[in-house]
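Please examine the model shown below together with its sequence. The paragraphs that follow lead through its sheet, its helices, its core and a number of individual residues.

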Amino acid sequence: MTHSAAIVIFTDIANDSAAVYRALGTAQEFVQAGDDVKIVFDGSGVDSLAAMTAEDNKLHGLLESLRDQVAGACGFCAKAHKSEDAIVAAGYPLLTDNNGHASIRNLVVEGRTVLTF
């Protein structure tokens, strides 16, 4: 039986890299089990995505291994946190389906178990 999950990362890697690592590690565990996973960066988590796009970031490789699972980053938050340019330059989409923000509700409507980090 496969599962459908969403990993939503709210944590800024500058404040808690372990939480971001565990979020990506959890996503990787689901992927390796053959499950359907989406990763969304929201709130201060957009800064984490921007930071990990740098090739010298210690989590860059893990992020890249999960590129197909990254749904994107909250467009409003990316702009507010001034992370938009790095995120877009790295090829990640900005999510604006909830009045400019990423929609968490849509993940629930899709039947996903939502895990937040």
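Strand 1 and strand 2 pair in the parallel sense over 6 bridges, where pairing requires that DSSP find at least two bridges between two strands. Helices and strands are DSSP runs numbered from the N terminus, with at least four residues (H or I) for a helix and at least two (E) for a strand. This is a predicted model, in which local features need pLDDT of at least 70 and side-chain atom pairs count only at pLDDT 80 or more, whereas totals for chains, interfaces and linings use all residues. Residues are numbered from 1 along each chain as its sequence is written, and side-chain values use heavy atoms, with hydrogens and water left out.

The whole arrangement is an open sheet of 5 strands in the order 4-3-2-1-5, with parallel pairing. Strand 4 and strand 5 (113-116) stand at its edges, and because each has a single partner strand, one side of each is left without a neighbour in the sheet. Buried here means under 20% relative accessible area, exposed means over 50%, and partly exposed lies in between, with a 1.4 Å probe and protein chains only.

Two helices that pack on the sheet may be considered next. Helix 1 touches strand 1, strand 2 and strand 5, and its direction makes about 165 degrees with that of strand 1. Helix 2 touches strand 1, strand 2 and strand 3, and its direction makes about 100 degrees with that of strand 2. These angles run from 0 to 180 degrees between N-to-C directions, the axes being lines fitted to C-alpha atoms, for helices over the stretch in contact. In helix 2 (residues 45-52), 7 of the 8 residues are buried, so this helix is largely enclosed by the rest of the structure. The buried residues of helix 2 are G45, V46, D47, S48, L49, A50 and M52.

In soluble globular proteins, nonpolar side chains tend to be buried together. A nonpolar core is defined as a set of buried Ala, Val, Leu, Ile, Met, Phe, Trp, Tyr and Cys residues joined through side-chain atoms within 4.5 Å. The largest such core has 31 residues, and those with the most contacts inside it are I9, L24, I39, F41, M52 and I87. The elements that give two or more residues to this core include strand 1 (4-9), helix 1 (17-32), strand 2 (36-41) and helix 4 (75-80). Contact means heavy atoms within 4.5 Å. Not counting residues up to four places away in sequence, I87 touches V46, L49, A50, A73, A78, Y92 and L94.

V70 lies in strand 3 and counts as buried because its relative accessibility is 8%. Leaving aside neighbours within four places in sequence, V70 is in contact with I39, F41, L63 and Y92. V88, by contrast, belongs to helix 5 (residues 84-89) and is partly exposed, with a relative accessible area of 45%.

What of the cysteines? The structure holds 0 disulfides, a disulfide being a pair of cysteine sulfur atoms within 2.5 Å. The sulfur of C77 is 3.4 Å from the closest cysteine sulfur, that of C74, which is too far for a bond. C74 is buried, with a relative accessible area of 0%, and C77 is buried at 11%.

Two loop residues complete the account. N57 is found in the loop between helix 2 and helix 3 and counts as buried at 18% relative accessibility. A polar atom of the N57 side chain lies 2.8 Å from the backbone nitrogen of L59. A polar contact is a pair of N or O atoms within 3.5 Å; within protein, one must be able to donate a hydrogen and the other to accept it, and residues adjacent in sequence count only if both atoms are side-chain atoms. Not counting residues up to four places away in sequence, N57 touches I13, A51 and M52. S103 is placed in the loop between strand 4 (94-95) and helix 6 (105-109), and is buried, with a relative accessible area of 12%. A polar atom of the S103 side chain lies 3.4 Å from the backbone nitrogen of R105. Leaving aside neighbours within four places in sequence, S103 is in contact with D97 and N98.
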